[in-house]
Amino acid sequence: MTCGTLITGVCYNLPGVFEYNPYKIAVNGSLWSMPWEVRMYAILAIFWLCTKVLLKDSIEKLKILQKIIMSSVVVVFILLIYLYFTGSNKALFLKLYVLFFSGGAYYILKKRIELSDRIMTGILVILLLSTVSKHAFYFIYIIALPYILFYAAYIPSGFIRKYNSFGDYSYGVYIFAFPIQQSFTALIPGISVLCLIIL
């Protein structure tokens, strides 16, 4: 079922499943992102194929591909600002594009990016101040999120690092959390949010 959603789109409902839950709109709402992810990887593959076909020098190919990725993030972010304020329904695609390819840009610039407490504190302060305007928060959040995620992934040490001691299963947690929560909600009617989080 999951593989089909990558091409045909997500079917959120199964007849009779979780129909008495408070949130009965979806069996697994986390699947919404998967078709978008496939689209982003397809765009990345197109970028790669274009550089492979048009250029012969392998070092030049890599440099051009990197420039395409980084410049596209800037161009698409500017376009996102424009479409956001015109109320276009294309804004979601552009937002996800910026977030996805920001990850690629961070990888390309990994030797130049400093992950530090000072920068992280500054970003969090700016993000907090931006909450006075939903429009400002929207764009600052998009810019800040990649740094926050990389900081959270690489900087904390000690006990928190034991979470991934058996491997990186964060994506599995993301995909399966929704139906597991729906199952607990169906099995224990009236379950509190706190109990659901603990379970």
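Which residues does Ser30 touch, not counting residues up to four places away in sequence?

1. Basis. This is a predicted model, in which local features need pLDDT of at least 70 and side-chain atom pairs count only at pLDDT 80 or more, while totals for chains, interfaces and linings use all residues. Residues are numbered from 1 along each chain as its sequence is written, and side-chain values use heavy atoms, with hydrogens and water left out.

2. Overall fold. The protein chain has 8 helices and 0 strands; helices (H or I, at least four residues) and strands (E, at least two) are DSSP runs, numbered from the N terminus. The C-alpha trace spans about 60 × 45 × 45 Å along its principal axes. Of the contacts with a separation of 6 or more, 65% are between residues 24 or more positions apart, where contact means heavy atoms within 4.5 Å.

3. Surface. The accessible surface of the protein chain is about 13800 Å², and 71% of it belongs to carbon and sulfur atoms; areas come from the Shrake-Rupley method with a 1.4 Å probe, and for residues only the protein chains shown count as cover. Buried residues make up 27% of the 199 residues. Buried means under 20% relative accessible area, exposed over 50%, and partly exposed in between (1.4 Å probe, protein chains only).

4. Ser30. This residue is found in the loop between helix H1 (2–8) and helix H2 (33–54). Ser30 counts as buried because its relative accessibility is 8%. To return to the opening question, Ser30 touches Tyr174, Ile175 and Phe178. The C-alpha atoms of Ser30 and Lys61, 31 residues apart along the chain, are separated by 36 Å.

5. Asn28. The loop between H1 and H2 also holds Asn28, which is buried at 11% relative accessibility. Its side chain reaches the backbone oxygen of Ile175 at 3.0 Å. Leaving aside residues up to four places away in sequence, Asn28 touches Tyr12, Ile175, Phe178 and Pro179.

6. Tyr174. Helix H7 (residues 170–187) contains Tyr174, which is partly exposed because its relative accessible area is 30%. Tyr174 forms a nonpolar patch on the surface with Trp32, Leu92 and Tyr171, and together they have about 360 Å² of accessible area.

7. Cysteines. A search of the whole structure finds 0 disulfides, a disulfide being a pair of cysteine sulfur atoms within 2.5 Å. Cys50 is partly exposed at 38% relative accessibility, and Cys195 is partly exposed at 39%.

Conventions. Patches are made of residues with over 30% relative accessible area and no salt bridge: like charges are joined within 9 Å, nonpolar side chains (Val, Leu, Ile, Met, Phe, Trp, Tyr) within 5 Å. A salt bridge is a side-chain nitrogen of Lys or Arg within 4 Å of a carboxyl oxygen of Asp or Glu. A polar contact is a pair of N or O atoms within 3.5 Å; within protein, one must be able to donate a hydrogen and the other to accept it, and residues adjacent in sequence count only if both atoms are side-chain atoms.
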